[in-house]
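Reader: Hey, can you walk me through this one? I'd like to start with how the chains hold on to each other.

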Amino acid sequence: MSIEQLYRTRAKELLSSGEVKMVIGYGAGSNKERRRPLFITSAEECDKLVLDSACISNLSGYLLTEGLLSDEKRVAVFLRPEGVRALNVLAAEAQLDTAQIVIIGFDSPKGELKALEGSSVEEFTALITALKEITPETAGEEQLAKIEKMSPEERFLFWQEEFSKCIKCYACRQACPMCYCRRCIVDSNQPQWVNTSSHTLGNFEWNIVRAFHLSGRCVECGNCDRACPVNIPLRLINRKMAEEVLNSFNHFAGTSKTQEPVLASFKKDDSETFIL
Amino acid sequence: MTKILFADKLDSCVERWRSAGMTVIGPVQRTNSSMYDAVKSASELDLNLVLADRSIKELFFPQSEPMLRYNITKSEINTSEFLPPSGPRIIFGARACDASGLAIDDPLFGWDYKDEYWFQRRNESVIVTIACTKADEFCMCTSLKLAPDSTKGSDILLRPLENNKGWQVEELTDRGREAFKKVADLLQEGSDPAAATVSVPEKFDADACAEWLKNPENFNSHFWKEISLRCIGCGSCTYLCPTCHCFDIQDEGGSFEGIRRKNWDSCSFALFTMHTSGHNPRSTQSARWRQRIMHKFNYFPGKFSANSCSGCGRCTRECPVDMGITETLQEISKLSQ
């Protein structure tokens with residue numbers, strides 16, 4: 001049986017037994033290459049589920065849809081390892097209770113689809129811990145290496161050109177499972193902390209604020225990068241920040257649901273005088 | 001015999017227009033993204049694109065535009081206006097959907113208050129559209145009663161030659177004739193046949209959709225929630241759309257000194273309709289998606305007798321979750337049967 005068939009059956013069982021009220025998965029998209037998020041609430045619809053290596057997007061953000069989890073019923077969701085990491089971060093930040101989530105795990109290293117064992121975040125701990133070790137080497141971006149070699153002036157020009165394209169559609173924010181703030185700082189206008197204009201300064205402000213806010217939280221699922229309609233290589237920023245956080249604090253976002261947030265925790269005996 | 005502009009003469013045309021003081025603009029590739037932008041020579045143009053990623057609208061209605069500078073002192077309030085940058089422009093290589101989009105928005109920007117920023121640019125721009133000989137699966141102009149060679153909003157229509165060596169020239173407006181007079185000696189009379197325009201299949205019945213949308217019973221249909229479940233509420237569709245025209249006015253700077261700007265805004269954002277009380281009349285994403293469709297295919301045509309959509313398909317092409325107008329109107333077409 002194909003993994004797709006296997007998971008359709010599993011989704012049917014979960015729904016017909018009443019174990020979950022909804023399955024969030026992937027369906028066919030508007031062309032052969034595309035898959036789209038699908039929300040299934042009855043066993044009969046489960047044959048619409050599609051699973052293959054083109055199912056890329058991280059669906060965990062939909063779990064925070066207003067009201068979805070408020071009845072304490074469970075929801076099943078198709079997740080890649082990054083998606084499971086995202087669940088851990090969201091749980092660590094008290095945004096959801098992982099007991100309400102049934103994971104239907106899969107991955108497609110080198111384009112080959114495989115099922116992942118386990119349905120709760122705890123069962124993925126070993127896998128995620130292993131990722132921590134391998135990520136820096138395997139995720140090495142050629143472009144990132146090029147940027148590292150640039151002088152600060154060249155690097156500024158590179159990002160200036162990229163950010164000048166930004167149209168402030170906030171697709172990066174909306175596609176990001178970590179951007180769950182009910183009111184984003186750019187939407188606050190009394191006072192207006194961040195310029196809403198998409199001139200170069202405003203675009204720098206927005207993208208840098210977002211980079212900092214995601215440091216130590218980003219699981220590098222790539223949702224923002226793929227969502228950007230003007231193709232700003234946002235993954236490079238997140239990759240760099242993840243590397244910094246790993247090197248400085250030995251922190252790999254989303255290893256457990258009780259992980260301390262790296263930029264939101266402090267110790268009284270911290271040697272940095274500005275902390276306390 | 002028709003007038004023909006051979007491709008090898010295009011660079012001389014660009015030079016001629018530029019030396020006549022015109023800014024020449026066209027579809028270009030920028031870093032990993034295409035847009036309409038100013039060029040110095042024809043070689044910078046990318047005329048093989050189905051469609052630039054970004055629409056033509058930003059040349060007339062930029063994403064952020066300064067309106068006035070203010071300065072408040074104890075004794076007085078000073079303001080000085082920013083006027084739109086002026087100067088003649090020629091936009092070479094527009095697509096029919098983009099040019100039509102401008103014509104769709106003209107009555108909107110001139111309805112009660114005549115938007116001088118829009119019209120100054122409109123009056124100073126010559127739109128040279130090239131009929132499409134290729135399309136992709138997202139193109140839907142024919143569903144909106146337009147076509148790959150629609151002349152709406154264009155001053156010149158160019159039809160690519162079958163041999164790919166140039167274009168037949170159709171002069172549509174005085175403004176277009178004026179601009180092409182400048183390059184008259186670079187054009188030739190010829191009988192080279194034009195290539196067939198691409199056939200874009202009709203994807204939905206816009207009239208049937210309009211009827212369904214007008215029926216007040218359908219305003220509260222479950223359909224809206226179901227069709228928009230995956231919408232993440234970004235502004236990608238709005239900002240790439242050649243006809244979406246909503247904007248916000250923002251004061252940038254301090255209480256006593258700053259710049260008032262006009263910035264694009266989107267009905268997809270929760271903040272768009274947020275009241276100061278905290279109440280939001282469009283509190284769910286499905287209500288926002290409904291507004292987007294209703295505005296384009298019910299309210300706007302009710303006021304201006306045209307759909308606020310020219311079928312470019314960018315909304316679906318770039319949607320992070322593969323939504324868009326096509327799917328919604330296809331589903332409404334089914335419901336209205």
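Reader: How many salt bridges are there between chain B and chain A?

Author: Three salt bridges are counted between chain B and chain A, where a salt bridge is a side-chain nitrogen of Lys or Arg within 4 Å of a carboxyl oxygen of Asp or Glu. Bear in mind that this is a predicted model, in which local features need pLDDT of at least 70 and side-chain atom pairs count only at pLDDT 80 or more, while totals for chains, interfaces and linings use all residues. Residues are numbered from 1 along each chain as its sequence is written, chains are lettered from A and ligands numbered from 1 in the order in which they are written, and side-chain values use heavy atoms, with hydrogens and water left out.

Reader: How much area do chain B and chain A bury between them?

Author: About 2800 Å², with 49% of it on carbon and sulfur atoms; that is the accessible area (1.4 Å probe) that two parts lose on being put together, summed over both. Chain B puts 33 residues into the contact and chain A 32 residues, contact meaning heavy atoms within 4.5 Å.

Reader: How many residue pairs are in polar contact between chain B and chain A?

Author: 20 residue pairs, with both residues at pLDDT 80 or more. A polar contact is a pair of N or O atoms within 3.5 Å; within protein, one must be able to donate a hydrogen and the other to accept it, and residues adjacent in sequence count only if both atoms are side-chain atoms. On the side of chain B that touches chain A, the elements giving two or more residues are α7 (236-240), β11 (247-253), β12 (257-264) and α9 (314-317) of chain B.

Reader: What does the side chain of Thr196(A) make a polar contact with?

Author: The side chain of Asn263(B), at 3.1 Å. Thr196(A) is in the loop between α6 (171-175) and α7 (200-214) of chain A, and its 18% relative accessibility is why Thr196(A) counts as buried. Leaving out residues up to four places away in sequence, Thr196(A) touches Lys168(A), Val186(A), Gln250(B), Glu252(B) and Asn263(B).

Reader: Switching topic: how many residues are in the largest nonpolar core?

Author: 127 residues, and Val23(A), Ile24(A), Phe78(A) and Trp224(B) have the most contacts inside it. A nonpolar core is a set of buried Ala, Val, Leu, Ile, Met, Phe, Trp, Tyr and Cys residues joined through side-chain atoms within 4.5 Å. Another core, of 26 residues, lies apart from it, with Cys13(B), Trp17(B), Met22(B) and Val24(B) among them.

Reader: What's Phe78(A) in contact with?

Author: Leaving aside neighbours within four places in sequence, the contacts of Phe78(A) include Tyr7(A), Val23(A), Ile24(A), Leu49(A), Leu51(A) and Phe106(A).

Reader: Now helix α3 of chain B: which residues are buried?

Author: In α3 (residues 116-123) of chain B, the buried ones are Tyr117(B), Trp118(B), Phe119(B), Arg121(B) and Arg122(B). Asp115(B) caps the N-terminal end of α3(B), with a side-chain oxygen 3.0 Å from the backbone nitrogen of Tyr117(B).

Reader: Last one: what does Arg239(A) pair with in a salt bridge?

Author: Glu220(A), at 2.6 Å from N to O. Arg239(A) lies in helix α9 (residues 234-249) of chain A and Glu220(A) in the loop between α7 and α8 (223-227) of chain A, so the pair ties together parts 19 residues apart in sequence. Arg239(A) counts as buried at 6% relative accessibility, whereas Glu220(A) is partly exposed at 24%.

Terms used. Buried means under 20% relative accessible area, exposed over 50%, partly exposed in between (1.4 Å probe, protein chains only). Helices (H or I, at least four residues) and strands (E, at least two) are DSSP runs, numbered from the N terminus.
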